[in-house]
Amino acid sequence: MFPRRSGILLHVTSLPGVHGIGDLGDSAHEFIEFLAASGQKVWQVLPLNPTGYGDSPYQCFSAFAGNPLFIDLEGLRKQELLSAADLAHAPHFPDEQVAYDQVIPFKEALLHKAASAFFSDSTDADRGAFDDFCRKNGPWLEDYALFMACKKAHNQTAWVHWDAGIRQRDPAVLKEWRKKLSSELEYHRFAQFQFFRQWEKIRDRCRGHGIRIMGDIPIYVAHDSADVWAHPELFRLDERGQPMAVAGVPPDYFSATGQLWGNPLYRWDVSAASGHRWWIDRCRAALGMFDLVRLDHFRGFEAYWEVPATASTAAEGKWVQGPGAEFFRALQAELKELPFVAENLGVITSGVEALRNEFGFPGMSLLQFAFGNDPQGPSFRPHNYSRELVAYTGGHDNDTTVGWWTSSGVGESTRTEEDIRKEHDFTRAYLGFQDGKINWILIHAVLASVANTAMVPLQDILGLGSEARMNLPGTVSGNWRWRYKANRLTKELREKLRTLTLLYDR
């Protein structure tokens with residue numbers, strides 16, 4: 001599952017295009033061609049679910065659904081569900097940032113229009129394909145569609161503030177709401193049908209080039225989600241549906257008070273009593289979309305940081321034992337192969353590593369963190385790499401390599417000016433350089449390493465600074481906005497990356 005190869009980390013949000021946000025249309029197919037021409041074998045996409053709070057794909061309305069904002073409108077025009085005139089009146093969107101406040105109403109209006117056209121004038125073949133999709137995905141699709149329709153009917157408020165009957169999923173009330181919101185339910189079914197139809201074309205294009213897609217399973221789900229609303233018994237909630245304890249991580253390199261994520265924690269005993277059925281369904285759905293899956297916050301399966309719901313910072317939390325090996329044995333018994341990458345960053349113990357090794361999941365390494373004060377720093381240095389590793393220059397939660405190298409550290413970590421000076425001196429000594437393009441120096445290092453998988457964010461290949469950073473942990477706005485310009489994937493860049501890829505047998 002993990003031969004020697006390399007790839008690029010790029011969220012779909014970041015693809016170029018005229019409709020304000022990256023989508024599954026021509027730009028995605030062109031990016032796949034760039035991957036193939038530059039010798040890359042993996043496209044890491046991160047979660048692709050419908051985003052809620054803060055536009056983060058780690059805070060989604062569903063762990064199963066696809067993000068309707070990624071639907072290619074031009075593809076709908078080719079199906080004659082939209083007209084050229086519909087697309088001609090698009091607002092002028094910025095081309096290097098996602099303006100969510102403009103994109104969301106624009107795309108939702110056109111998706112509703114396309115849905116109306118589909119249900120009034122679709123071919124028998126298309127309608128049959130739609131009905132088949134709904135049957136196959138019914139267990140999660142119906143809950144998701146009703147959840148989103150009810151949110152709209154309740155002015156987008158969280159489900160804990162809905163009327164008692166629908167909040168508590170009284171069967172008679174559910175039936176009433178399904179009838180009342182039937183057209184909106186059809187819209188959400190249509191949007192999911194189109195997302196997965198377009199996604200399958202992406203999968204086919206990648207398969208044709210021998211490129212594997214690495215997706216993501218965030219360990220936690222958003223409290224305001226179809227998952228928690230439909231399965232409250234799986235989460236630690238009070239009688240009103242509010243979390244009694246929430247997720248986070250303790251103080252670390254990034255924050256003196258830790259990170260308070262706010263996601264509800266699982267009732268692992270209840271999950272185990274069901275044979276971890278919801279988790280098995282979730283993983284099966286992910287493996288139906290992706291070839292490889294990064295398990296976000298893997299250490300939480302061994303032990304997780306539990307923070308009281310009333311706490312003001314994550315520093316008030318404590319470690320609690322997770323489901324451990326029994327959980328992965330249940331997944332393995334049903335799903336057989338588990339092509340998982342364990343995100344084993346943060347406070348990692350021997351118990352976490354023993355769990356990872358028991359199931360043969362490759363861990364992760366971030367070269368940016370190899371030279372400073374991070375406790376994991378020594379393991380991030382290439383001379384300590386194992387072959388069963390996914391080595392990165394950096395990831396989506398930290399600055400770009402150029403941004404990291406030129407940063408003062410203020411507001412993004414606990415580094416002091418003296419820490420940064422020492423970090424730079426060590427980096428130069430270890431990697432054997434004085435001057436040069438720091439992004440390519442780190443790219444060389446991970447590609448040359450023994451790690452079987454080497455991954456590079458596109459921002460590092462393009463040599464971009466902090467303006468292209470994807471996410472700053474602990475902040476709730478301004479993230480997941482960066483996009484690259486269509487003309488940036490030049491022939492020279494392609495050839496440079498291909499030369500290195502061939503040089504290091506990737």
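This is a predicted model: local features need pLDDT of at least 70, side-chain atom pairs count only at pLDDT 80 or more; totals for chains, interfaces and linings use all residues.

Trainee: Fine. What is the phi of E80?
Mentor: Near 65 degrees, which is a positive value in a residue other than glycine. Most residues other than glycine have a negative phi.

Trainee: Where does E80 lie?
Mentor: In the loop between α2 (73-78) and α3 (84-88).

Trainee: And is E80 buried or exposed?
Mentor: Exposed, because its relative accessibility is 70% and the cut-off for exposed is over 50%.

Trainee: What about R169, what is its phi?
Mentor: About 60 degrees, again positive although R169 is not a glycine. R169 is found in the loop between α7 (164-167) and α8 (171-180).

Trainee: Changing topic. How much space lies in the second largest pocket?
Mentor: About 720 Å³.

Trainee: How many residues line it, and which lie nearest its centre?
Mentor: The second largest pocket is lined by 30 residues, and F64, K136, N137, W140 and A285 are the ones nearest its centre.

Trainee: Which helix gives the most to that lining?
Mentor: α12, with 7 residues. The helices that each supply at least two residues are α5 (124-136), α6 (138-153), α9 (182-208), α10 (226-230) and α12 (277-289).

Trainee: How does the lining divide into nonpolar, polar and charged?
Mentor: There are 15 nonpolar, 5 polar and 10 charged residues in the lining of the second largest pocket.

Trainee: On to charges. How many salt bridges does a search of the whole structure find?
Mentor: It finds 32. One of them is between the side chains of R127 and D131, at 3.5 Å from N to O.

Trainee: Where do R127 and D131 lie?
Mentor: Both are in helix α5, 4 residues apart, or about one turn of the helix. R127 is partly exposed, with a relative accessible area of 28%, and D131 also counts as partly exposed, at 31%.

Trainee: Which residue forms a salt bridge with D291?
Mentor: R203, with the closest N and O atoms 3.0 Å apart. That pair links distant parts of the chain: D291 is in the loop between α12 and β6 (292-295), R203 is in helix α9, and they are 88 residues apart. R203 is buried, at 5% relative accessible area.

Trainee: And what does R294 pair with?
Mentor: R294 forms a salt bridge with E343, where the closest N and O atoms are 3.7 Å apart. This pair also links distant parts of the chain, with R294 in strand β6 and E343 in the loop between β9 (340-342) and α14 (350-359), 49 residues apart.

Trainee: Are R294 and E343 buried or exposed?
Mentor: R294 is buried, with a relative accessible area of 4%. E343 is buried as well, at 8%.

Trainee: Next, cysteines. How many disulfides does the structure hold?
Mentor: It holds 0. For C60, the nearest cysteine sulfur is that of C283, 16 Å away. A disulfide would need the two sulfur atoms within 2.5 Å. C60 counts as buried, at 7% relative accessibility.

Trainee: Last topic, rings. How many aromatic pairs does the count come to?
Mentor: 54. F31 and W43 form one that is edge-to-face, 5.1 Å centre to centre with 65 degrees between the planes. F31 lies in helix α1 (residues 26-37) and W43 in strand β2 (residues 42-44), so the pair ties together parts 12 residues apart in sequence. F31 and W43 are both buried.

Trainee: And why is the pair of F147 and W162 tilted?
Mentor: Because the planes of their rings are at 45 degrees, with the centres 5.5 Å apart.

How values were computed
Residues are numbered from 1 along each chain as its sequence is written. Side-chain values use heavy atoms; hydrogens and water are left out. Buried means under 20% relative accessible area, exposed over 50%, partly exposed in between (1.4 Å probe, protein chains only). On a 1 Å grid over the protein atoms alone, a cavity is a set of points where a 1.4 Å probe fits but cannot get out, and a pocket is an open set with protein on both sides within 12 Å along at least five of seven lines; lining residues have an atom within 4 Å of a point. Grid points are joined across faces, edges and corners, and a volume is the space filled by probe spheres set on the points. Ala, Val, Leu, Ile, Met, Phe, Trp, Tyr, Cys and Pro count as nonpolar, Asp, Glu, Lys and Arg as charged, and the others, Gly among them, as polar. A salt bridge is a side-chain nitrogen of Lys or Arg within 4 Å of a carboxyl oxygen of Asp or Glu. Rings of Phe, Tyr and Trp (its six-membered ring) pair if their centres lie within 6.5 Å; planes under 30 degrees apart count as stacked, over 60 as edge-to-face and the rest as tilted.
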